[in-house]
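Here are some notes for a first look at this model. They take a ligand site, then a sheet.

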Amino acid sequence: MQYGFFDDDAREYVITRPDTPYPWINYLGCEEFFGLFSNTSGGYCFCRDARMLRLTRYRYNNVPADAGGRYFYLRDGTDVWTPSWMPMKSKLDRYECRHGMGYSKISSSRNGLAFTQVSFVPLGDNCEIHKVTLTNESGAEKNIDMFSFVEFCLWNANDDMTNFQRNFSIGEVEIESQLAGSSRIYHKTEYRERRNHYAVWSVNAATAGFDTDRQAFLGLYNGFDSPQTPFNGKANNSVASGWAPIGSHHIKVKLAPNESKTFVFTLGFCENPQDQKWEKPGIINKAPANKLLEKYNTAEAADKALAELNAYWKNLLGKFTVDASSLSRPDDIKMARMAGVWNQYQCMVTFNMSRSASYFESGIGRGMGFRDSNQDLLGFVHLVPERARSRILDIAATQFPDGSAYHQYQPLTKRGNNEVGSGFNDDPLWLICGVAAYIKETGDYSILNEKVPFDNDEKLADTLFIHLKRSFDFTVTHKGPHGLPLIGRADWNDCLNLNCFSAAPGESFQTTANFESGVAESVLIAAIFAFVGPDYVEICKRANRADEAAYAEKEIKTMTDAINQHGWDGDWFVRAYDAYGKKIGGKECDDGKIFIESNGFAVMAGIGVDDGRAAKALDSVKEHLDSKYGIVLLQPAYKNYHLELGEVSSYPPGYKENAGIFCHNNPWVTIAETMLGRGTRAFETYAKICPAYREDDSDLRRLEPYVYAQMVAGKDAPRHGEAKNSWLTGTAAWTFVSISQYILGVRPVFDGLLIDPCIPSAMKGFTVTRHFRGADYHITVDNSAGAEKGIKSITIDGKAQEGNVLPIFNDGKIHKIMVIMG
Ligand code: BGC
Ligand code: NOJ
């Protein structure tokens, strides 16, 4: 069944009942300050780094789920309720949550009292705004007591949930409750020592009281669902000293029939220069808070900030649009709303978050992934190319001089993460992939001349071009017995740990190498090399490095030969060779006979396209790996743990990398299918994992129908079709690439915008707009011929065009492109 619907005009997903099968969340913020916000007002926020600068506390593993948020308790007579349903699970007469582009809006009502909460992070400031409106829809006057509630995190989210012997003694707050028209609670734990930032939770109204001590507010042994203070109808004016600091305002609201009152709550992050921390001894300098809060002190100011955010997103999503009215098949509207709106929105989120903070990633573990962030760029670069540019430079700076790379880096320090280290031998190649995408989008070759440190050491700095060369050379110089790249700790599949040999419970599969065989090889890395290599060659040529281009071409040929010789198993591509030189992903294997990754990528690289092996490989993928909900990663699933394979065989069959539908690599098959011109099958693989196509199946899928999930349980799992790990997944970028660049076929290339659609023959055509290098391309594709691929003619502004690469106009104008397939 469905729990809501897409409001396409508003670009919102409207959740119509609060008890979704899992919290369905949104992300507030797209610059430095971020909030995770669920459909019941759960979640938390942080500035810049989810681990180091966490403002509010969230309880993982809590029952019920989703505990912690920005809550409002309403006391109407003796009736106390929470209008976001949670945490009291209050019975509501009306409920709706609209998740939009960077904002969410919860509306509800009970006993004639209506509530709306509009929550967002304004552009340019480090704060969340929650604009709350109460309306008396009853015929009689109402006297409401409203209590806000946030619980502060003691900044470092990891320490916050582990180091209680210290934590319970360090919490500190300041309170300004007597200001005219404003009431402010400051959370200043650790400000007395090395921090120069604090949080403020304010409302633009006079208050009847406050609480800053959790126990005073909740009462002993009470949870968020049964707080004492709202039932008492009176705040305690508690001042936290250690234990658990919170922020709660008590506001008395008198409402005549039909009267509304609006309050602007702001949760801000404020920083002071080191020498200006104090106003007077022990009293924090409130200048940055004053500035921030004055800015958002009225409902009008909050509305204006929201309007600016809306305009920002309208402009961003204007860079690639799909005209739903141009689509002949009713179901294609699902593709249009994903490709045109939600998929791009998710790409922004993955670009910002990498894999750090979601309802499946705790925000304390992983920083930015080297491979992840490079791939995230692919779906983001058309939105804000300048940010993609600086991200590339940050990532490249964590590369080692030999071309290998830190697997992860921390966003706050931008330094490589020593705990995880390096040794994932696919990592270097993704840098070439990301840079090529950036240059194709922008034509900005100057990035190649940027001086970028190695290992964050300025003394080792060299041009970005040299970084690319080191990436390329790393693969060339790290090959095994079959001439295929050594896998190292793992390749794209973090769970193929072929040198790990871990028998000790709890040992990290990612960092353990008990048997550095020096022989385990990856066919996938070879295929990635063959796919990104030609882009490297083009970059070399354009950077006037003909010799390097010739060398690279030779190496790509050598690698392709190795794949042809040792990477083909008869009906599909092999996946890898293990530490004993035995095949993984071959017919002779008991389990794991066939894997998705090497097949998708080898065909993407064009291998076997001319001699029928590519088609055979994709047919094998369909025959052995396809399912109702997408293509599983491998078959047969590993039944037992294999020392020589590592984490992949640790999962129960059908989950995660062990034969789950690992959505990230499905679009590789989609793209591969388009390389063969098989548009109907390409679209089928696209639609199977596309969440909007499963909206009415939410009880099984469980997760948000507006965003991709990393994994859907495979056919071997008892819960086949159930999704996990929504939002932060490379699926976002790759599906956007697959649908926009390969199915709809509007693809930036070095010299222009390539038009090369590959669609189902039943799709009669479509219209998209694409902003590209300073002009807007309004592209209409006519497929009345019922083709799957192939173009009969193209006209630009009425004039016939030779070939299918549209020129770079860069004239700020709209150009009308008419494409006839056939
Ligand atoms: C997961 C992988 C992930 C890795 C990252 C593993 O447990 O299965 O999907 O890439 O952790 O550390
Ligand atoms: C998730 C990780 O973030 C990504 O880097 C990896 O490629 C996939 N899992 C597959 O293991």
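1. Start with ligand 2. This is a predicted model, and in it 10 residues surround the ligand. The closest are Arg371, Asp372, Trp492, Asp494 and Glu657.

2. What is the make-up of the shell around ligand 2 by class? Charged residues number 6. The shell also has 2 nonpolar and 2 polar residues.

3. Look next at the side chain of Arg371. One of its N or O atoms is 2.7 Å from an oxygen atom of ligand 2.

4. At Trp492, a backbone N or O atom lies 2.5 Å from an oxygen atom of the ligand. At Asp494, a polar backbone atom is 3.0 Å from an oxygen atom of ligand 2.

5. How much of ligand 2 does the protein bury? Taken alone, the ligand exposes 300 Å². The protein buries 95% of that area.

6. Now turn to the sheet. It is open and has 3 strands, in the order β34-β35-β36. The pairing is antiparallel. Strands of a sheet pair through backbone hydrogen bonds.

7. Which strands lie at the edges? They are β34, residues 661–662, and β36, residues 723–726. Each of these pairs on one side only.

8. Check the pairing of β34 with β35, which spans residues 709–712. The two strands run antiparallel and share 2 bridges. For Phe662, the bridge partner in β35 is Met711.

Definitions and conventions: Residues numbered from 1 in each chain as written. Chains lettered and ligands numbered in written order. Predicted model: local features only at pLDDT ≥ 70, side-chain atom pairs only at ≥ 80, totals over all residues. Heavy atoms only, no water. Pairing = 2+ DSSP bridges. Helix = DSSP H or I, 4+ residues; strand = E, 2+ residues; numbered from the N terminus. Near = heavy atom within 4 Å. Polar contact = N/O pair within 3.5 Å; in protein donor to acceptor, adjacent residues only side chain to side chain. Areas by Shrake-Rupley, 256 points an atom, 1.4 Å probe, with all protein chains shown as cover. Nonpolar A, V, L, I, M, F, W, Y, C, P; charged D, E, K, R; others polar.
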